[in-house]
Amino acid sequence: MDRLEVTLITAILIAGLFVAVAMTGDRRADTLALTGGAPQARSPDLSAALQRCKALTPEDGENPRCRAAWEQNRRRFFGKPTLSPSEGAAP
């Protein structure tokens, strides 16, 4: 291989690298646009309910308020609208 061939191969590899970075570098912006931006922050009430429910044991049985808090947290995490108390979430 002479010097011209090495330079040409290097230029092609660098151009390919730039194309790959350009194609994958913009994915985060697309993901945020699809999900509506960054996840919402937890409210202090939801955080307190989740902490309280984390301490429950299986012997405590299924707590409907905990189930509602977990559902609200899942909705918040996945970017879905949270339920209001009239729609079934615990106060």
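Student: Asn-73 is found in helix α4. In this predicted model, is Asn-73 buried or exposed?

Tutor: A residue counts as buried when its relative accessible area is under 20%. Asn-73 has a relative accessibility of 18%, so it counts as buried.

Student: Which residue does the side chain of Asn-73 contact?

Tutor: The side chain of Asn-73 is joined to that of Arg-76 by a polar contact of 2.9 Å.

Student: Which part of the structure packs against α4?

Tutor: Helix α4 spans residues 64-77, and the buried residues of α3 pack against it. Helix α3 covers residues 44-54, and its buried residues are Leu-46, Ala-49, Leu-50 and Cys-53.

Student: Why are these buried residues said to line one face of α3?

Tutor: One looks down the helix axis and considers the directions to the C-beta atoms. In α3 the buried residues fall within an arc of 100° in that view, so they line one face of the helix. On the other side of α3, Pro-44 and Arg-52 are exposed.

Student: How many aromatic pairs are counted, and how is such a pair read?

Tutor: Two rings pair if their centres lie within 6.5 Å, and planes over 60 degrees apart count as edge-to-face. The count here comes to one aromatic pair. That pair is formed by Phe-77 and Phe-78, with 5.0 Å centre to centre and 85° between the planes, and it is edge-to-face.

Student: Is Phe-77 buried or exposed, and what is the case for Phe-78?

Tutor: A relative accessible area over 50% counts as exposed. Phe-77 has 54%, so it is exposed; Phe-78, with 55%, is exposed as well.

Notes
Residues numbered from 1 in each chain as written. Predicted model: local features only at pLDDT ≥ 70, side-chain atom pairs only at ≥ 80, totals over all residues. Heavy atoms only, no water. Buried < 20%, exposed > 50% of the residue type's maximum accessible area, 1.4 Å probe, protein only. Helix = DSSP H or I, 4+ residues; strand = E, 2+ residues; numbered from the N terminus. Contact = heavy atoms within 4.5 Å. Phe/Tyr/Trp six-rings, centres within 6.5 Å; stacked < 30°, edge-to-face > 60°. Polar contact = N/O pair within 3.5 Å; in protein donor to acceptor, adjacent residues only side chain to side chain.
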